[in-house]
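Thanks for making time this morning. I would like to walk you through one model, so please have a look at it before I go on.

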Amino acid sequence: MAHAMSDDQVAGELKKMTAFIRQEALEKAKEIQIKADEEFAIEKSKLVRQETSSIDSQYEKKFKQAGMSQQITRSTLANKTRIKVLSARQELLDDLFEKARGKLADYSKDKGKYQELCKNLILEGLYALNEDRVLVRARKEDYDVVKKAIESAKNEYKKSLNGKEVKVELDEKNPQPEACSGGVSIVGGGGRIDINNTLDERLKLLETDALPMVRESLFGKNLNRRFVD
């Protein structure tokens with residue numbers, strides 16, 4: 001038969017239960033604190049990583065922007081320098097051909113050399129046209145020289161083509177303009193074909209055809225040039 005507990009026994013039991021509950025609460029609180037600390041550490045680490053990544057990303061973006069800006073500046077300066085160099089070169093070439101143009105008229109002063117030149121210019125036209133009759137146009141002041149050049153050209157043409165005759169006439173009705181520096185033009189095809197072999201025209205052709213060679217002679221070979229003229 002069970003005996004009723006005394007007041008002291010009841011108080012002792014309550015004290016034990018209170019101590020047990022208090023211990024359980026402390027352990028639970030400690031467990032919650034540890035878990036909270038762990039979650040805080042994880043979240044803190046996550047935030048640090050995010051911020052670090054953001055900073056790295058911003059730095060990389062700014063670094064790329066700075067590099068691109070530097071490249072643009074370098075490219076702009078290089079282009080400006082290149083344009084200045086090309087402009088200076090072109091001015092030099094223009095001056096060179098302008099001086100040559102100014103000396104063309106002097107070439108006709110040596111009658112012997114000038115007659116030989118006119119003969120070769122006429123021959124070139126005769127071979128190109130390959131006709132039985134052509135006209136030659138020249139400056140009035142060159143008529144005497146050109147007439148002699150025509151005879152020489154006819155003889156050489158006949159000799160080189162096994163006796164083939166060609167009639168070459170000086171077209172005195174249509175002289176070259178006085179502003180012309182010299183040379184001749186050879187007209188064939190009933191007046192429809194005009195081979196312009198004046199000194200002025202030959203210099204123009206030289207400017208176009210010989211320009212790459214003149215440029216290389218003056219400034220050296222362009223290593224960056226992939227194609228040649």
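This is a predicted model: local features need pLDDT of at least 70, side-chain atom pairs count only at pLDDT 80 or more; totals for chains, interfaces and linings use all residues.

Residues are numbered from 1 along each chain as its sequence is written, and side-chain values use heavy atoms, with hydrogens and water left out.

Let me begin with helix α2, residues 111-129, which spans 27 Å from its first C-alpha to its last, close to the 27 Å expected at 1.5 Å a residue, where the expectation is 1.5 Å times one less than the number of residues. Helices here are DSSP runs of H or I with at least four residues, and strands are runs of E with at least two, numbered from the N terminus. Among the buried residues of α2 are Tyr-114, Cys-118 and Leu-129, buried being under 20% relative accessible area, exposed over 50% and partly exposed in between, with a 1.4 Å probe and protein chains only. Just after α2, Asn-130 has a positive phi of about 55 degrees.

A search of the whole structure finds one aromatic pair. Tyr-127 and Tyr-157 form this pair, with 5.5 Å between centres and 35 degrees between planes, and it is tilted; rings of Phe, Tyr and Trp (its six-membered ring) pair if their centres lie within 6.5 Å, and planes under 30 degrees apart count as stacked, over 60 as edge-to-face and the rest as tilted. Tyr-127 counts as partly exposed because its relative accessibility is 39%, whereas Tyr-157, at 1%, counts as buried.

Finally, strands β3 (residues 183-188) and β4 (residues 193-198) pair in the antiparallel sense over six bridges, where pairing requires at least two DSSP bridges.
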